[in-house]
Every structure is written in C-alpha cells, then in structure tokens.
Amino acid sequence: MKLKFAKAMIVSAVAAATALTGALASAQEQFIPILSYRVGLYASGGSGFFGGAIDYFNLVNANGGINGVKISWEECETEYNATRGVECYERLKKKGGGASLVEPLGTGIAYGILDRLPTDKVPMTTLGYGRSDAANGQVFPYVFPLITSYWNQAAGMIKYLGDKEGGIEKLKGKKIVHLYHDSAYGKEPFPVLEAYEKSIGFQLIKIPVPHPGTEQNSQWLQIRQANPDYVILWGWGVMNAVAIKTAARVGFPREKMLGVWWAGSEEDTIPAGDAAKGYTTMTFNTPGNYPVIDEIRKKVYGAGKGNLSDKDRIGSVYHMRGVTAAMLWIEGIRNAQNKYGKGKVMTGEQIRWGLENINVDEKRQRELGALNMFPTIKTSCQDHEGSGAVKVQVWDGKAWKAVTPNWVTGDRAMVQKMVAESSAKYAAEKKITPACLPG
Amino acid sequence: MIYREAGQYKTTYDTDTQIFPIAQDRYAMLAILLIAFIVIPFVATPYIFSAILIPFLIFSLAALGLNILTGYAGQISLGTAAFMAVGAFASYNFMLRVPGMPILLAFILGGICAAMVGIAFGLPSLRIRGFYLAASTLATQFFVVWCLTKVPWFTNNSASGVITAQQIEILGFKFDSPQEKYLLVLGIVCVLALLAKNMVRSTVGRSWMAVRDMDVAAEVIGFRVMKTKLTAFAVSSFYCGIAGALFAYCYVGTVEPEAYNLDLSFRILFMVIIGGLGSILGSFFGAAFIVLLPIVLSMIVHVTGLPNSVTSNVELMVFGGLIIFFLIVEPHGLARLWQIGKEKLRLWPFPH
C-alpha cells in the first residue's frame, strides 16, 4: 500500500513537472504573476484585492488588451507567509517571458523580495504598505509605493483632524491617542506624529495593543481616563472590530475615532455591528460606484468570468483597491509601450520606466471610467508614490461614505524630507549610490 | 542484496565507533555530499537554489537545533523563532557596529548571543517540565519579538523596524548569486550537523538523553541536571541563532522582527515532530516535509486547472491529511520510517 502511494506521488510529480514546462508557451502575452492569499487569517482581504485585480485584467482582455497585447497571469498561493511568498516569486518570475511586475500585498513577503528585484529587473508595487522611504526612486528604483505611504497617511490624518477643528494650529493643547498594533507596522507613523506633536503642540499619547488585539479593556480604560479629543486607530485584523466594540462599551464616540486604511473595510466594520456606525477611517479610494465597476459587472461577471464568488463584494473596499492597483499597473505597461513600441510585450525594465512615468490626471481618470476613484497620480524618479493624498470615509451602518469631498494632503515637504533622510541611511548601509535609472 | 553488511569486520575501535559503521551508508553519504557540493551547483537553476534548497537547509538547521533540545534533552520549547531572531539581529549589529567584522565571526557571535538568551530562558526548566515549560518558553517568543520592536537600537533606529542584511564577504570573496549563497549555507549546515552528530554520540549527548528519559534517575547516577539542561538550551539556541542569521543574510535579505513570530516556532516544532524526535536525519526529513511538500502540492493542484480559490484550500487539506497519514503510519516520525526501511532492506530478499 505504501509502495503504491509512493508511486502515485512520483507519477503526479512528474505529471506536474511536464505540465509546468508545457505552460511556457504563448509569447504575445504580457505575463503578470499574482502572489495571492486565499486561505488563512487574511484571506478575506486577499481574495477581494486579487479578485479585483484579476477582474480588471479580464476587462482589459475583453476590450482587446493593451494595444492588442493580452494579459496573462498565474496565481500562486502565499498564505501571507514570507517563505511561501518568496518561493512563489522565484517560481513565477521567469514564466511567460518574464514577470512584468509583482504585488505581494504583505509586508513580510515584500521585504523578502525587495533585495531580489534589482537583480531580476522586476518592479514591485506596494499599495498602501511597506517601507515609506521606498518612495525615493533613486535608492529604490524597483519599488513603487503607489498613491500614498504610511507617513503621508499619518500626515493626512493630522491635517484632517486640524481641518475639523477649523485649522491645524487649533489642535494645540488637544489630546490625541495613537492606539496601535504593537509591531513594526503600528510604529511606522511615529516619526511623523512626533514631528507634528512638536510643531503644533498637541499631546500625543501612544497606547500599544499586543497582537492579535482581541482584548482591549485596559487600553480603553486608559483612554477614558485620558479623555482625549481624538483616537487614531492604527490596527490590523481582528483588532479593529474589537476596538470599535470596546469603544462603544466605554462610551467613546466613534465619530472621534479615525482608523488607518487597513482598519477601513467592510471586513472590519460588519463584525462590529451597530457599534461601528459613525466610525471614520482613511482610504485611498472614494467609496461609491464608477463606470469601470459597472463595466466589470457587465463584461466580466456577465460573461461568467468574475473572480469573486460573492457578487455583493463587487465594489467593496478591498475589491476596489485591487481594481485600482491593476489599473495603475496597466497604465505603467501602456506608458512603456508608448515609449518602447506599441503592441509589443514589455520587459520588467521597460515597465519600471512606465511605472516611473505614470500620469493619471482627471481627464485620464474619466477615460478609464474611474473619475475620482483614487487621487490623481504623477510619478517620477524622485517620487515613486505619485500622490500622497488620502480621503476620509465614514461607515453609516451599511456602507462606506466619503466624508471629505476633496483629497486631503498633509505636510508633504516634511514627509519628503523624512523620506530623503531615511532612504539615505538605507543607501549608506547597502552602499548604494542614489541615482535615477535611465529610460 | 546490495545493502548487506556481511564481510565487513570491525577490527579496531575506530571502525567500531565511526558515524556510519556500514560501508554502504558511508558511500551513500559521500555520494550525497559530492552531489550537493559539486554536481548541484552546476546543474540547478536559481529558482531551485533560492526558493527550495536554501530555505530547506536553513530550516533543517533550525529543526536540528530544536531537535537537540526537544528530541535529545526532552525539553519542549516554543521559542525557536525567538532564538533565530536573536541570532539574526545580533549578527546584524555586530556587522554594523564593529568595523571590519568578518561575517562568519558575526554569525558565531550571533549564535553565542542566542545561546546566552537560551540559557537565561532555560533556567525555568530546572523547576518545571513538560507543558509548563512549553508555556514558559512561549514567554521567550513574545519577549524577544517585543524587545526587538521596542528598542530602536537593535534595528539601528529604523522607523519601520526592519533590518537589511549586509553584503556577505569572506576573505575578499563576495557571496552574491544564489549559487554562492547556497554553497555557503550548505557548508555551514554540514559542519554544524557533523558537530551535532558527534555531540549526541559523546558524553554530552548521553547526559542529555539520560536527563530526557528520567531526570531524577540521571541525577542519582551522577549527572548534574542543571548543567545538562542548560548546555542543551545553549547548544540548541546556538544552532537556532545561526539558522536565524542565515535566514536573514542568505535567504530574505530584509527582515522585520515579525518574521520570527510564533507561527515560525510552531512550524519548526512540527518539522521536528514529523521528522522524528531525537534524530539528526529526522530534522532534515521534517524540514523537507514542511518546506518542500506544500510547494510540490501547489504545483500538482495547479495542473488540475481548478480556480485558485479552490486549489489553495485543496492544497491545505491534502497537506493536513498527509501529516495525519504519516503520523498514524509511524508516530515516531519519518526518521523511524527510514530506519525500518533500512532494516527490511538488510534482510531482503529473504525476510525470514
């Protein structure tokens, strides 16, 4: 019996190997590896985000591809685990004529891949996470924290709270609690918040919540005693819903809570039930419906090619983030084609240039059917983020609604200075001479 | 037929006490080493090096470290990843702060730091055992990761708490390509595995096993329990520390403390349990099972062409099923299965 089993294993392994080599055909397609996670703790976010990206790929293909070049992709399950993610990256980076770009949607995996990118010449986007200082393209030529980073988000938060008080200087003497996930992630905004604390003169109280954050009574007791004007919730996973529920229990108004964008999806508020009503968070998408989402409903889901099994999730926060990410990738590839030859398959290096020269203004957004869905973006070698703008959204009990009609930007000059300092330190450690790569 | 020791006489003490007393084993081992050191560097692709062989070797080393503590000395530990983290962050700081520090010395010093942390957190083992000890080693896990995020000095004041491994350079030779890194890891793992094998065959190892089997009895016949348990903690943590440093320097390159979380500790514990407690070879089997099998499975299920939301789950279910299958077939792990196979082979084709 054992022998039979071993035989079966060998046979299937051989079958797998042959099939893998067979899949290398079809050169006229732009290959994008998808390092997704659909199992484990963060599956709900992963399936929404990567589902959104694949839905957009299908839409592009249904509309004839990028100047005739169709997109092909292959998924690899990372389980949000750095080791698995690196394996997936290594497996897919040479496939289908070479990976165009990669987006792991996980800090651990992104760090595992980071050092390999310049050698492999594959660009990586990190939408809304990862190293904030990677925005400096002279030191990190292959990393694109598109739209906005944690530091710009923190700056945007203070700007919004200031606007609420009627001017940022009015925050002087106020108390702001930074309730954070006790990890590198939760500590990332410290430099920005501390700089504002000094320049404006509010009181910043930092309260850590140990992972996973299912028990927060003592923290909220502390908050009630301090009686702050605002609470910034820099949480992750189950911690968010617990924070909202505990806030309701101790009677802290949810309107005064401002969450980070990883605390601002349906997955965070629905478990908290009615307690979440009025809770606000940051976001880099304006919630709502857009022509492009309708087109996905019609052309992709209508044709039975939709990636989400639950159609109600179309247009949800994570799904829209995935669509946004894919839209920017395709823009990058399109840019590269405009420079290096329309209708051709682009290499990772060429797409790197394309991503470095994204310019999505309102006109382009309208053409894409996504007017105001995300801030306008213009990237350059010095600025791989391209925007730094954020929006605030509120949960009305059923759906997210935008609070700020316009995009909010904090003190970008200050953040840029910090990015320059931090990336210079990295460059010194790694002995990199900062320089823009030629096109 | 082929695997038979008839005619192999042991005429000296040396031949009697060597690691592989059977000639075939010796040749097989030699062949494996030759293939690993000479053939593979020429034939393997970068994917095989950096996605399969390097992590496999690094996790084998970590599992070996834990196996010394849990398999040989009988002390359950859930702090393996923490010791790895100490090794990695200590090596990083030695490299960063001491000019001209040779990288191998930094690895060893990192391992020694991990050993010292291991001794400190091994102290409770003198009073408590079994599950209670497991709970106290859990404290190591949380304390170390917390400490590394809390004290900015450890990460060189990095705002995001990540460290970037420096360039590996030994005697002017730069280890850059996956192939060179593989050879470095392989060399270190071979030396340490040989050391471990000899350690468990010597007085030290025998005292560990005596304490594992019954510490009161071991004390009665003259082993000093405190010294024995603490050396086990020190040696085990040293191995884990080196594995952690290799994980940072030769595998991922940029790490955050969160990479060495409880999850990793559990994975290494599973490697030891599935591979075989109290077996050096078992550590390698276990690492292969936990690291490589999911990759093979994911390739196999991928061929079926099912949507990814299905295959991801199928993969996990099959993997879980296989763990249960192997543990039912042989609760003592894959190493024991291997041993049974060898015994059968010795008698083959005349089992009676």
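**Figure 1. Contact of H6(A) with H16(A).** In this predicted model, A:Trp151, A:Asn152 and A:Ala155 of H6(A) meet A:Arg412, A:Met414, A:Val415 and A:Met418 of H16(A); two residues are in contact if their C-beta atoms, placed from the backbone, lie within 7 Å. Helices (H or I, at least four residues) and strands (E, at least two) are DSSP runs, numbered from the N terminus. By class, this contact has five nonpolar, one polar and one charged residues. Ala, Val, Leu, Ile, Met, Phe, Trp, Tyr, Cys and Pro count as nonpolar, Asp, Glu, Lys and Arg as charged, and the others, Gly among them, as polar. Residues are numbered from 1 along each chain as its sequence is written, and chains are lettered from A and ligands numbered from 1 in the order in which they are written. As the model is predicted, local features need pLDDT of at least 70 and side-chain atom pairs count only at pLDDT 80 or more, while totals for chains, interfaces and linings use all residues.

**Figure 2. Crossing of the helix axes.** The axes of helix H6 (residues 150–165) and helix H16 (residues 412–430) of chain A come within 10 Å and cross at roughly 155°. Axes are lines fitted to C-alpha atoms, for helices over the stretch in contact, and angles run from 0 to 180 degrees between N-to-C directions. H6(A) is therefore roughly antiparallel to H16(A) (angles over 145 degrees count as such).

**Figure 3. The open sheet of chain A.** Seven strands, in the order E6-E5-E7-E8-E9-E12-E13, form this sheet with mixed pairing; two strands pair if DSSP finds at least two bridges between them. Strand E6 (203–209) and strand E13 (400–402) of chain A are the edge strands, each pairing on one side only. From one strand to the next, the twist averages 30°. Strand E12 (residues 391–395) of chain A pairs with E13(A) in the antiparallel sense over three bridges, and A:Trp395 stands opposite A:Trp400 in E13(A). H6(A) packs on the sheet, touching strand E7 (230–234), strand E8 (257–259), strand E9 (280–283) and E12 of chain A. The direction of H6(A) makes about 135° with that of E9(A).

**Figure 4. Side of chain B that touches chain A.** In this view, 30 residues of chain B are in contact with 37 residues of chain A. Helix H3 (46–72), strand E4 (254–255), helix H12 (280–303) and helix H13 (308–329) of chain B each supply at least two residues of this side. The residues of the side divide into 15 nonpolar, 12 polar and three charged.

How values were computed: Angles under 35 degrees count as roughly parallel, over 145 as roughly antiparallel, 65 to 115 as roughly perpendicular and the rest as oblique.
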